[in-house]
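Good morning, and thank you for joining this group meeting.

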Amino acid sequence: MLKKLKGYFSFKGRIGRKGYIISFISLVIMNVIMNNNKDSIILYCLWIFFLYFSLAQGSKRCHDLGRSAWWQFVPLFPLWLFFSRGQKGSNRYGEDPMELTTPAANASE
């Protein structure tokens, strides 16, 4: 379990669109909460946690497209991360996350 949890905060590997969109939505929700409670130090620490998580997920999504993680800081590139299909098959950043979740891949384990 700890190994899987560690993977969410790693900047290595690849994730698909669904995982990226979920992490993006969680950061947006955290920003809305922060705007309503600006004086809470606990929420500020939690926001830093979510920001780190979001950057890690964005890096892996860039890797899924075969790009460096720095591309997530290019204006409007996050829209590309939402809508584009990742590279099929493995690339220099790892295996295709879509292939890892197919029934054929799970049957071979």
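Let me begin with a question: in what kind of interaction do the side chains of R85 and D96 meet? They meet in a salt bridge, with an N to O distance of 3.5 Å. By a salt bridge I mean a side-chain nitrogen of Lys or Arg within 4 Å of a carboxyl oxygen of Asp or Glu. R85 and D96 are 11 residues apart, and each is in the loop between helix 4 and helix 5.

Before I continue, a word on the model. It is a predicted one, in which local features need pLDDT of at least 70, side-chain atom pairs count only at pLDDT 80 or more, and totals for chains, interfaces and linings use all residues. Residues are numbered from 1 along each chain as its sequence is written, and side-chain values use heavy atoms, with hydrogens and water left out. The helices are DSSP runs (H or I, at least four residues), numbered from the N terminus.

I return to the charged residues. R85 counts as partly exposed because its relative accessibility is 35%, whereas D96 counts as buried because its value is 1%. The cut-offs are as follows: buried means under 20% relative accessible area, exposed means over 50%, and partly exposed lies in between, with a 1.4 Å probe and protein chains only.

How many salt bridges does the rule give? The count comes to 4. One of them joins R14 and D64, whose closest N and O atoms are 2.8 Å apart. R14 lies in the loop between helix 1 (2–8) and helix 2, while D64 lies in helix 3 (residues 41–64), so this pair ties together parts that are 50 residues apart in sequence. Both R14 and D64 are buried.

R14 also forms a salt bridge with D96, and here the closest N and O atoms are 3.9 Å apart. R14 lies in the loop between helix 1 and helix 2, and D96 in the loop between helix 4 (77–83) and helix 5 (97–100), so the pair ties together parts that are 82 residues apart in sequence. Why is R14 called buried? It is called buried because its relative accessible area is 10%. To bring these charged residues together, I return to R85 and its salt bridge with D96. Salt bridges that share partners join R14, R61, D64, R85 and D96 into one network.

I turn now to helix 2, which spans residues 17–36 and contains L27. L27 is buried, with a relative accessible area of 13%. Which residues does L27 contact, leaving aside its neighbours within four places in sequence? They are W47, F50, L51 and S54, where contact means heavy atoms within 4.5 Å. L27 and W47 are 20 residues apart along the chain, and their C-alpha atoms are separated by 7.9 Å. S26 is also placed in helix 2, and it counts as buried at 19% relative accessibility. Not counting residues up to four places away in sequence, S26 touches F50 and F53.

The next topic is the aromatic rings. Rings of Phe, Tyr and Trp (its six-membered ring) pair if their centres lie within 6.5 Å; planes under 30 degrees apart count as stacked, over 60 as edge-to-face, and the rest as tilted. By this rule there are 12 aromatic pairs. The rings of Y44 and W47 have centres 6.4 Å apart and planes at 25 degrees, so this pair is stacked. Y44 and W47 are separated by about one helical turn, because they are 3 residues apart in helix 3. W47 counts as partly exposed, at 23% relative accessibility.

Is the pair of W71 and F77 stacked or tilted? The ring centres of W71 and F77 are 5.2 Å apart and the planes are at 45 degrees, so the pair is tilted. W71 counts as partly exposed at 35% relative accessibility, while F77 is buried with a relative accessible area of 8%. Elsewhere, F9, F11, F49, F50, Y52 and F53 form one aromatic cluster.

Finally, I come to the nonpolar core, meaning a set of buried Ala, Val, Leu, Ile, Met, Phe, Trp, Tyr and Cys residues joined through side-chain atoms within 4.5 Å. The largest such core has 7 residues, namely I15, Y20, C62, L65, F77, L81 and F82. Helix 4 supplies the largest share of this core, 3 residues.

Methods: Helix = DSSP H or I, 4+ residues; strand = E, 2+ residues; numbered from the N terminus.
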